[in-house]
Each structure stands twice: as C-alpha cells, then as structure tokens.
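Visitor: Hi, could you walk me through a structure with me asking things as we go?
Guide: Gladly, here it is.

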Amino acid sequence: MQDPRGDDSVASDLERTARTAQHLLAVAKAGWRLVITHGNGPQVGNHLFRSELAHEDGMPLLPLDVCVADTQGGMGYVLQQCLANAFLAADMPAVVATVVTQVLVDDDDPAFEHPSKPIGEVIADDRVQALKDRGWILVEDERKGGWRRVVPSPDPKEIIEADAISALVDKGVVVVAAGGGGIPVRHSADGSLEGIAAVVDKDLASSLLASDLGADGFLILTDVEEVIAGYGTDDERALASISVSEARTRLDAGEFPVGSMGPKVEALTRFVTTTGKLAVVTSIERAEQALQGSAGTRVVPG
C-alpha cells in the first residue's frame, strides 16, 4: 500500500488500497474465495523507528514483534474497509475480517546470526553512519538506490491461527491474514508462545498458509508482470512458466535476488511441491488473467 513516489499519508494509503480492492473484486467475481496476505516492510520499519525516537523521551520501547502486530492491525483495517466497500458497491456485500496472525519459527534458525530482511524506508548516504551508531545493521540496496535496515528473517514453520482462518473461509468470510509474514513467535521452555525479534518473509508465510488451507491457487501480486530469466544479460527473457526443478536450479545459482524475486519463486515452488496446484506471480493489474492462465509466470510440477 506504500506509494513508491513517497506519499505515505493515510489518505494515499486508502486511495491505493481502494484501487487494489477493485482487482481483487474481479477475482472474486470469477468465482474464487479470497484469503489476502500483505507485506509490511516499510511500515514496520517506520513504526519501530518511531518507537525508538519516542523511547529517547521516556516512552516504553516497542519490541519488533509488537510492531509487526501493530502494522498487521492497521493495514488490515485499511484492507478490510476498502474490500468491504468494493464488494458493497458491486452489490456483493461481504464480511471481511482481519486475523492478527502468529507464525512459529525456530529460535535456532541461522537467520538470527545473519540479519537480511530489509525494513523501513530507503536511507540516504548522509544518515548511514548516525544510524549505524544507533546499533542498526544496514545493507546497500542497489535496486532501490540507497541503504536499508535489516533484521533476522527466520523460516516460517507453522501458522498458529491456521484453523481459525480456515473456519472463517468455510463460513464465506473474506480473510486478511499473515500480514507482514505474521508475528514471529517461538515456544518457550514450558511450551507457551512468546514473541521474538524478527520479521518473517511474507511470501514464505503466505505459501505455508495456502498449503495449510488446501488452497486451489496461490497468487503472488507484485510490481512486475512476469519473472525474468537472465535479467540484465543478453539472454534476458520473460518466463510464462517454470518447472519446480528449473526454479530450484535457478534459485541455487542465485539468479533470483534474495531481496526481490527470490522469496517469491521459493514460495511458489514450495506450494507446488506440497500441493501440485496453481501457483502464479504477476502484477496486481493482471491478477484475474493470471488465474485464467493468460498472464504472469506459473510454477508447475516437474
């Protein structure tokens, strides 16, 4: 929902989300039941930064897992309102509900030793040293032309609220869930859940949720229409489809960047390996066509 031109106002969020809702409405009109997930990288980073600034003036510091929960709720509110309004205007009134979702991770995951998940805004060069002095871990994002803060991104192992989400879907509810990849939690010594400072990749968590729900299709909507093989080379070409084995080969070779297409191809590959069902990545504008087989890049078994 963030404007790439930099307008982060709530009014702008609502306007962009209302446009997105129209594309999702078209998918629902085609007969699909919807479970919607979303990212929160810029939002959770900004939320954490605001908390750190307020902490300097004596306010309690918000842990990263709580920031993920807060942005899940806020972004879920915007999505469910815009979706409900779109369905109502189309004379298809629907109940839309956001489930603030926890995702179990392994606290021994090596990701905790190697933070890699970008959060927050792009950081200008002249601010880098000051933020490093705050203790931030920063990496240069050449694709976006600046520096980004990174945090650990462990692999999702279980969607805690999967049964609740499934029950809502069975009742005909349009569900918004696993926002920002879900709130990362671990099992404490007594088996209870507790939050952990990390951000789960949204695509991997969405793949796991889609598998848990027995979804007939898993669609990743991004800012490009197709996966590009050989990007930046003389052999560059768009892929209408890619097999699981070819996807694995290209992922292992590092062809799909970790910060962009890599997690998406990995997520689709996991879903197809588990279910054998429809898995496509494309732009939001081509969502309906992708499900019809006429747009996007489809990952297929084999």
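This is a predicted model: local features need pLDDT of at least 70, side-chain atom pairs count only at pLDDT 80 or more; totals for chains, interfaces and linings use all residues.

Visitor: Okay, how many residues does helix H3 have?
Guide: Helix H3 covers residues 64-89, which gives 26 residues. From its first C-alpha to its last it reaches 37 Å, close to the 38 Å expected at 1.5 Å a residue.

Visitor: And what follows H3?
Guide: H3 is followed by Asp-91, a residue whose phi is positive, near 60 degrees. Asp-91 takes this positive phi although it is not a glycine, and its place is in the loop between H3 and strand S2 (96-99).

Visitor: Is Asp-91 buried or exposed?
Guide: Asp-91 counts as exposed, because its relative accessibility is 67%, and the cut-off for exposed is over 50%.

Visitor: What about Ala-178, what is its phi like?
Guide: Ala-178 is not a glycine either, yet its phi is positive, at about 55 degrees. Ala-178 is found in the loop between strand S8 (174-177) and strand S9 (183-187). Ala-178 has a relative accessible area of 0%, so it is buried.

Visitor: Switching topic: how many salt bridges are there?
Guide: The count comes to 18 salt bridges. As background, side chains of opposite charge can pair when their charged atoms come close.

Visitor: Which residue does Glu-225 meet in a salt bridge?
Guide: The side chain of Glu-225 meets that of Arg-286, with 2.9 Å from N to O. Glu-225 lies in the loop between strand S11 (217-222) and strand S12 (227-229), and Arg-286 lies in the loop between strand S15 (278-283) and helix H9 (287-292), so this pair ties together parts that are 61 residues apart in sequence. Glu-225 is partly exposed, at 39% relative accessibility, and Arg-286 is also partly exposed, at 24%.

Visitor: Which residue does Glu-266 form a salt bridge with?
Guide: Glu-266 pairs with Arg-248, and the closest N and O atoms of the two are 2.6 Å apart. This pair links distant parts of the chain, since Glu-266 is in helix H8 (residues 261-275) and Arg-248 is in helix H7 (residues 244-252), 18 residues apart. Glu-266 counts as buried at 16% relative accessibility, whereas Arg-248 counts as partly exposed at 30%.

Visitor: New topic, then: how many cavities of 30 Å³ or more does a search find?
Guide: A search of the whole structure finds one cavity of 30 Å³ or more, and about 30 Å³ of space lies in the largest cavity.

Visitor: Which residues line the largest cavity?
Guide: The lining is made of Val-227, Ile-242, Val-265, Leu-268, Val-281, Thr-297 and Val-299. The elements that give two or more residues to this lining are H8 and strand S16 (297-300). Sorted by class, the lining has six nonpolar residues, one polar residue and no charged residues.

Visitor: How do strands S5 and S6 pair?
Guide: Strand S5 (residues 138-141) and strand S6 (residues 146-151) pair in the antiparallel sense, over four bridges. In this pairing, Val-139 stands opposite Arg-148 in S6. The hairpin of S5 and S6 has four residues between the strands, and Gly-145 takes a positive phi near 75 degrees there.

Visitor: Last one: where is Ile-196?
Guide: Ile-196 is in the loop between strand S10 (193-195) and helix H6 (202-213). Ile-196 is buried, with a relative accessible area of 9%. The C-alpha atoms of Ile-196 and Ala-86 are separated by 36 Å, and these two residues are 110 residues apart along the chain.

How values were computed:
Residues are numbered from 1 along each chain as its sequence is written. Side-chain values use heavy atoms; hydrogens and water are left out. The expected span of a helix is 1.5 Å times one less than its number of residues. Buried means under 20% relative accessible area, exposed over 50%, partly exposed in between (1.4 Å probe, protein chains only). A salt bridge is a side-chain nitrogen of Lys or Arg within 4 Å of a carboxyl oxygen of Asp or Glu. On a 1 Å grid over the protein atoms alone, a cavity is a set of points where a 1.4 Å probe fits but cannot get out, and a pocket is an open set with protein on both sides within 12 Å along at least five of seven lines; lining residues have an atom within 4 Å of a point. Grid points are joined across faces, edges and corners, and a volume is the space filled by probe spheres set on the points. Ala, Val, Leu, Ile, Met, Phe, Trp, Tyr, Cys and Pro count as nonpolar, Asp, Glu, Lys and Arg as charged, and the others, Gly among them, as polar. Two strands pair if DSSP finds at least two bridges between them.
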